[in-house]
Amino acid sequence: MKRSSVLLILLLVAFTGSITLSAKKIKSTFRIEKENIKNKDNVKAAESDIRFDLQDTESPDSLKHFFSEISFAGYEKEISSSVESFLVINGSDKDLSAITVRIDYFDLQGRMIHSRDYTVRSVVPAGQTRKIDIPSWDRQRTYYYYLGNEPKKVATPYKVTITPVTYWQPAE
């Protein structure tokens, strides 16, 4: 067993407080980690571009204003879908070459179900809108977006909030 695998299992034991982990759960954890690595590779593809991070505590007010000009609309995810879609609206005067968004998922009582950051490498020109498709967080297909079509089978509705975290501008 690789050292990183042992470390991951120890972290899982510490996090869950239990040593009884099924092989399916361990395999699922490795799949999630593999996807996170793929997503990090997506960030590397934009290294030549100029990066701006909203979490930077020294961000000037103009940068925070720019983030306020990036908005999202039209989120959708059907229960049978393995893809989530939403629109990125670039209301600024600068092109985007990539964007990292934080997506928070809530049940209808306002309790958080899940949260993730996802980097999308897609050019969104200044003043324009682009539809973005990303892999769904709902692998078991038991959740559906509350404004979408209500499924015939038993499922849990949820709401989302999407917040920009980091964006990249094309290098000039």
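**Entry: ground rules.** I note that this is a predicted model, in which local features need pLDDT of at least 70 and side-chain atom pairs count only at pLDDT 80 or more, while totals for chains, interfaces and linings use all residues. Residues are numbered from 1 along each chain as its sequence is written, and side-chain values use heavy atoms, with hydrogens and water left out.

**Entry: the chain as a whole.** I listed 3 helices and 8 strands in the protein chain, taking helices (H or I, at least four residues) and strands (E, at least two) as DSSP runs numbered from the N terminus. Along the sequence, I read the pattern α-α-β-α-β-β-β-β-β-β-β. Of the 172 residues, 34% are buried, and here buried means under 20% relative accessible area, exposed means over 50%, and partly exposed lies in between (1.4 Å probe, protein chains only). I then looked at contacts (heavy atoms within 4.5 Å): among those between residues at least 6 apart in sequence, 64% join residues at least 24 apart.

**Entry: the sheet.** I went back to β2 and β3 and saw that they belong to an open sheet of 3 strands in the order β2-β3-β6, with antiparallel pairing. The strands β2 and β6 stand at the edges, each with a single partner strand, so one side of each is left without a neighbour in the sheet. Neighbouring strands of this sheet are turned by 30° against each other on average, direction ignored, with axes being lines fitted to C-alpha atoms and angles running from 0 to 180 degrees between N-to-C directions. I also noted one facing pair, in which Phe-72 stands opposite Val-88 in β3. As a reminder to myself, strands of a sheet pair through backbone hydrogen bonds, either parallel or antiparallel.

**Entry: salt bridges.** A search of the whole structure gave me 6 salt bridges, each a side-chain nitrogen of Lys or Arg within 4 Å of a carboxyl oxygen of Asp or Glu. One of them joins Lys-77 to Asp-138, with the closest N and O atoms 2.9 Å apart. This pair links distant parts of the chain, since Lys-77 is in the loop between β2 (70-76) and β3 (83-90) and Asp-138 is in the loop between β6 and β7, 61 residues apart. Both Lys-77 and Asp-138 are buried.

I next turned to Glu-84 and Arg-116, which form a salt bridge with the closest N and O atoms 2.9 Å apart. Glu-84 is in strand β3 and Arg-116 in strand β5, 32 residues apart, and both Glu-84 and Arg-116 are buried.

**Entry: two loops.** I found Leu-108 in the loop between β4 (98-106) and β5 (112-120), where Leu-108 is partly exposed because its relative accessibility is 41%. In the loop between β6 (129-135) and β7 (143-145) I found Arg-141, which has a positive phi of about 55° although it is not a glycine. Arg-141 is partly exposed, with a relative accessible area of 33%.

How values were computed
Pairing = 2+ DSSP bridges.
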